[in-house]
Amino acid sequence: MKALTAARAIAARVGSRLVSSPTSTDPPLVLLFSKDRAIRLELFLRSYAQHVSGPLPITVLYLASSDAHRQAYEEVFADYRALELTAIAERAFKPDLLAVLRASSARHVLFFMDDIVFLHPVDTRLLEQWDPGDGILSLRLGRNITHCADGDAARPQPQPELFEDTALREQPLARWRWSAGQLEWAQPTSLNGHLLPLPDLVPVIEQASFEAPASLDAAIGQFKFLFKGRWGYCWEQARIMSLPFDPVTSEQHGASAPQDLDETPPLLQAFQRGLRLDISELPLAQHNSCRMAWAPALRRDSRGPAGAEETAGA
């Protein structure tokens, strides 16, 4: 009953804004979550810089459980300072997240986990000019998304009826109703690459109960009915993909995972040796779900000495 009452209160606050758009012209807030995976963050930023025209400023809310992880993050931040990157060391996830969201006057927010990679070009004009009243634009969906990832496998999922649409004339999009979708096509509040209306989302996050990104995704998903009446939009080909090898699961984002203090995680060791994740051989022809069970190679950073190649997670 308490949850239902809270949902109705949020619906009243959100619903009052559905017929009008915020007047802010600020670019979307891009907010990325990372914990003890500087090497994954580096791959995200590299693919972002490569595929996003005029990359938007990025805020990284990160958690480093050791000095070694912290040093690795600092190295990544230094390498990508040209992206206008703001790094915030997490202390308490929900208060830190709300502080970032409340401080922004943007109309939209784009959330990302650090296992995301960009695969195809994204024109920031489309993101900057998008009207919240038009619907929710998804970077993770596309006509190629015909399967739903289930562990290391992917099972077929039906697509809703997709209509042709156009944005900025030269960018054809597909359009559907979130309420008509199933599985991935029915998740308007996904934390991975959905252009979400920030003013509408803040009261949801204020009410939701969560301690880390994993539980945040589930918590705001309980309120997805508030957004399912809106249109969804996507490109012909999904712009991004999740490569969830070596995942941080459950609430480990907010707590130190038990481990031998003398044992450095393999991916951190690789990063310290100058190796970086390489997705040049990513089988794009197999990209039919939002997540792919495929591990990139580890290759020497081009700025370091030539040599080693390994497989991530090996």
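Helices (H or I, at least four residues) and strands (E, at least two) are DSSP runs, numbered from the N terminus. With that rule, the protein chain has eight helices and 18 strands. This is a predicted model, where local features need pLDDT of at least 70, side-chain atom pairs count only at pLDDT 80 or more, and totals for chains, interfaces and linings use all residues. Residues are numbered from 1 along each chain as its sequence is written, and side-chain values use heavy atoms, with hydrogens and water left out.

Start with the chain as a whole. Buried means under 20% relative accessible area, exposed means over 50%, and partly exposed lies in between (1.4 Å probe, protein chains only). Of the 314 residues, 51% count as buried. Contact means heavy atoms within 4.5 Å. Take the contacts between residues at least 6 apart in sequence: 77% of them join residues at least 24 apart.

Now look at strand β1, residues 29-35, which holds S34. S34 is buried, at 1% relative accessible area. Its side chain makes a polar contact with the side chain of Y73, at 2.6 Å. A second polar contact, of 2.7 Å, joins the side chains of S34 and D114. A polar contact is a pair of N or O atoms within 3.5 Å; within protein, one must be able to donate a hydrogen and the other to accept it, and residues adjacent in sequence count only if both atoms are side-chain atoms.

D36 lies in the loop between β1 and α2 (38-51). Its phi is near 55°, a positive value in a residue other than glycine. D36 is buried, with a relative accessible area of 16%. L183 also has a positive phi, about 50°, and is not a glycine. L183 sits in the loop between β12 (171-177) and β13 (194-197). At 33% relative accessibility, L183 counts as partly exposed.

Strand β1 comes up again with helix α4. The buried residues of α4 (residues 93-103) are F93, D96, L97, L98, V100 and L101. They pack against β1, β3 (58-63), β4 (85-89), β5 (108-113), α6 (198-207) and α7 (213-221).

Next, go to A238, in the loop between β14 (231-235) and β15. A238 is buried, with a relative accessible area of 0%. Its C-alpha atom is separated by 8.0 Å from that of L119, 119 residues apart along the chain. Leaving aside neighbours within four places in sequence, A238 is in contact with H120, L139, R140, L141, G142, N144, I145 and H287.

A cavity is a set of points, on a 1 Å grid over the protein atoms alone, where a 1.4 Å probe fits but cannot get out; lining residues have an atom within 4 Å of a point. The search of the whole structure finds one cavity of 30 Å³ or more. The volume of the largest cavity is about 40 Å³. Grid points are joined across faces, edges and corners, and a volume is the space filled by probe spheres set on the points. Strand β15 (residues 240-242) gives the most to this lining, with three residues.

Finally, the cysteines. A disulfide is a pair of cysteine sulfur atoms within 2.5 Å. The whole structure has zero disulfides. The sulfur of C148 is 7.6 Å from the closest cysteine sulfur, in C290, so it is too far for a bond. C148 is buried, at 8% relative accessibility. For C234, the closest cysteine sulfur is also in C290, at 10.0 Å, again too far for a bond. C234 counts as buried at 0% relative accessibility.

Methods:
1 Å grid on protein atoms, 1.4 Å probe; cavity = no way out; pocket = protein on both sides within 12 Å on 5 of 7 lines; lining within 4 Å.
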